[in-house]
Amino acid sequence: MVRSRRDKIRMTTAIAHPNIALVKYWGKQNKTLNHPASPSVSITLDSLTTTTKVATSTETRLVLNGKRIEDLKVANFLDLFRQQFGLPPVSVETDNNFPTGAGLASSASGFAALVTALSEHFQLGLNLSTLSEWARRGSASSARSIYGGFVTLQGPDWRADQLAKESHWELEICIIVTNEGPKKISSTTGMKSSEATSPFYLEWIKTADSDFEIAKKAIVERDFMKLSEVAEQNCLKMHSVIHTSQPAISYWAPGTVSAMEQVREIRNAGTPAFFTMDAGPQVKVIYPRQCRAIIQKSLEELKNVRLIWASIGPGAHLV
Ligand code: 2P0
């Protein structure tokens, strides 16, 4: 491939947002291609951003939030991507405006921003579906962050698709940050352990298709009650699988349980809201936009937490 001098000094910047799965992925059926064992559906968030700059370089260089890092997962991914397209080494600078590696899907936004920037930088012209394929190979949940709005990830090709645009349904999200620190067990490691040791893993996979279909229908029909029921139960099922891995794993903190209780109280008092948690201690509360004032008043009663507010946001894009 012939590259111009401009390529060498030019920097390309992309932004991507993390996504939250309402029916989740936990377990892989193909580790080489990073194919999930079950389908998932997510919402992309607007106010949380990963900004990634790539430039052609003499060696692979990774900088995360201003610090030079070594990251095997990203380095291996870059080797694979460069080999596929015959590309030179790249320098990658990434900044997250939210806690990294803390269960807020920074790897989802990270790989989505990275592939978007790489495709543009080297003028590869990859379409969204191909970008989603590459993002998934970096981190499966990342396939979904290529798209905005409500997004599905299912077989047989395991490329994400947009189920509905951001404007389809005015839902909002409050993230209750109970612990800013990075998680001790990565999702990849946790999943592997759950697959091999949790007595509930097969049951989890068996009910995944039905949860996925119910959630999709609830989103299309804007049925908040239905979505609330299936999403909350799906989250608790995933955490039951995680908790019953051997040795046992828990991504929760004491504040996680208090936050879940607060959401149940909000709901018992008549305001529609549900929670979900990922591989980290933060609790994400989803509610219809018109309920924001009540939700805010109630969640602000929680002690020792930080609240991050978001709406449903767009897919990965260039700056
Ligand atoms: C999800 N999570 O569907 C689930 C829910 C966390 C809990 O996908 O091994 O970082 O890189 O594919 O995508 C987090 O796992 O894992 C995740 P890999 P990933 O959002």
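Tutor: Let us begin with charge: Lys and Arg count as positive and Asp and Glu as negative, while His and the chain ends are not counted. The place of a charge is taken as NZ of Lys, CZ of Arg, CG of Asp or CD of Glu. In this protein chain, the mean positions of the 36 positive and 30 negative charges lie 5 Å apart.

Student: What kind of model is this?

Tutor: It is a predicted model, in which local features need pLDDT of at least 70 and side-chain atom pairs count only at pLDDT 80 or more, while totals for chains, interfaces and linings use all residues. Residues are numbered from 1 along each chain as its sequence is written, and side-chain values use heavy atoms, with hydrogens and water left out.

Student: How many helices and strands does the protein chain have?

Tutor: Helices (H or I, at least four residues) and strands (E, at least two) are DSSP runs, numbered from the N terminus. The protein chain has 11 helices and 16 strands.

Student: Is K216 buried or exposed?

Tutor: Buried means under 20% relative accessible area, exposed over 50%, and partly exposed in between (1.4 Å probe, protein chains only). K216 counts as buried because its relative accessibility is 18%. Of the 319 residues of the protein chain, 55% count as buried.

Student: Where is K216, and which residues does K216 touch?

Tutor: K216 lies in helix α8, residues 208–220. Contact means heavy atoms within 4.5 Å. Not counting residues up to four places away in sequence, K216 touches T152, Q154 and L163.
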